[in-house]
Amino acid sequence: MSIRNSEQPETDLCTEVCRNLDRQLSSFWRVDNICWDQKMTEVAGAISKTQKELKACNKIYPNSEGFSIFNTNAYAAFLYHLSHSIGLQGGRENVELADKIYYLNKIMNDVEWYWNIELPEHFLCEHPIGSVLGKAEYGDYLCVYQGVTVGANFKNETCIYPILDEFVTLYANATVLGSSRIGKHVVVAANAFVMNEKIPDNCVVFGSSPALTIRTYSEKEMRDKFMRIWKL
């Protein structure tokens with residue numbers, strides 16, 4: 001099941017995805033009160049958002065076949081988009097369904113992306129297993145890998161979350177916490193630990209706070225060398 005060169009998914013695909021979702025959700029919870037015909041707009045919108053993200057990627061990412069429930073990275077993003085869209089409508093039933101879809105994503109893909117976080121228009125998860133994305137401010141063209149954590153630090157019993165600018169890539173097991181501000185065109189290297197730091201534009205970050213290693217480059221170098229996953 002895939003979409004090729006289409007802004008809107010086909011009705012048959014949306015129907016099949018709804019049936020698939022119903023089977024998956026009913027494995028864990030009662031969902032006999034869900035009218036999927038009334039959720040078709042949200043399902044189609046979530047598929048379209050995921051497809052748009054795939055089309056923004058270069059060929060190094062397996063996007064040529066478009067959206068598919070068998071592309072687990074794409075399906076994880078789809079489940080986030082769907083839960084987000086439904087949850088924001090408000091109301092007990094919508095919030096309950098959004099919670100279930102979020103939880104399904106956690107069960108199936110081992111991701112902690114609660115539906116009320118605001119992920120950007122272009123979001124790519126490559127091997128997203130074990131990733132935790134908290135209520136930070138995320139810039140467009142965000143890419144995360146396995147084991148990534150973006151979360152809060154406490155200050156006077158208040159949660160302080162990071163701010164990430166555009167074109168940030170977080171490699172495996174990278175952690176960004178607290179009042180950190182990550183600039184534009186930044187790569188946070190695998191296993192890096194960034195806490196309450198201000199990271200400039202156009203750089204690669206290694207190591208752990210407070211002893212980070214920051215290697216700066218030109219914007220062109222960052223785009224050519226480190227941001228190849230996007231069609232820039």
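A pocket, on a 1 Å grid over the protein atoms alone, is an open set of points where a 1.4 Å probe fits, with protein on both sides within 12 Å along at least five of seven lines; its lining residues have an atom within 4 Å of a point. The structure shown is a predicted model, in which local features need pLDDT of at least 70 and side-chain atom pairs count only at pLDDT 80 or more, while totals for chains, interfaces and linings use all residues. Residues are numbered from 1 along each chain as its sequence is written, and side-chain values use heavy atoms, leaving out hydrogens and water.

**View 1. The largest pocket and its lining.** Look here for Asn-33, Ile-34, Cys-35, Gln-38, Lys-39, Glu-93, Asn-94, Glu-96, Leu-97 and Lys-100, which line the largest pocket. Its volume, the space filled by probe spheres set on grid points joined across faces, edges and corners, is about 170 Å³.

**View 2. The largest nonpolar core.** A nonpolar core is a set of buried Ala, Val, Leu, Ile, Met, Phe, Trp, Tyr and Cys residues joined through side-chain atoms within 4.5 Å. Buried means under 20% relative accessible area, exposed over 50%, and partly exposed in between (1.4 Å probe, protein chains only). Of the 30 residues in the largest core, Trp-113, Leu-133, Leu-164 and Leu-170 touch the most other members. Counting contacts as heavy atoms within 4.5 Å, and leaving aside neighbours within four places in sequence, Leu-170 meets Cys-143, Val-144, Tyr-145, Val-148, Val-150, Leu-164, Val-176 and Val-188.

**View 3. Cysteines without a partner.** A disulfide is a pair of cysteine sulfur atoms within 2.5 Å, and this structure holds zero of them. The sulfur of Cys-14 has its closest cysteine sulfur in Cys-18, but at 6.8 Å that is too far for a bond. Cys-125 is in no disulfide either, with the nearest cysteine sulfur, that of Cys-143, 8.4 Å away. Cys-14 is buried at 3% relative accessible area, and Cys-125 is buried at 2%.

**View 4. Backbone details in the loops.** Strands here are DSSP runs (E, at least two residues), numbered from the N terminus. Ser-209 and Pro-210 are joined by a cis peptide bond with omega of about 5°, and Pro-210 lies in the loop between E15 and strand E16 (211-216). Asn-173, though not a glycine, has a positive phi of about 65°; this partly exposed residue has a relative accessible area of 40%. Asn-202 is not a glycine and has a positive phi of about 55°, but Asn-202 is buried, at 15%.

Definitions and conventions: Helices (H or I, at least four residues) and strands (E, at least two) are DSSP runs, numbered from the N terminus.
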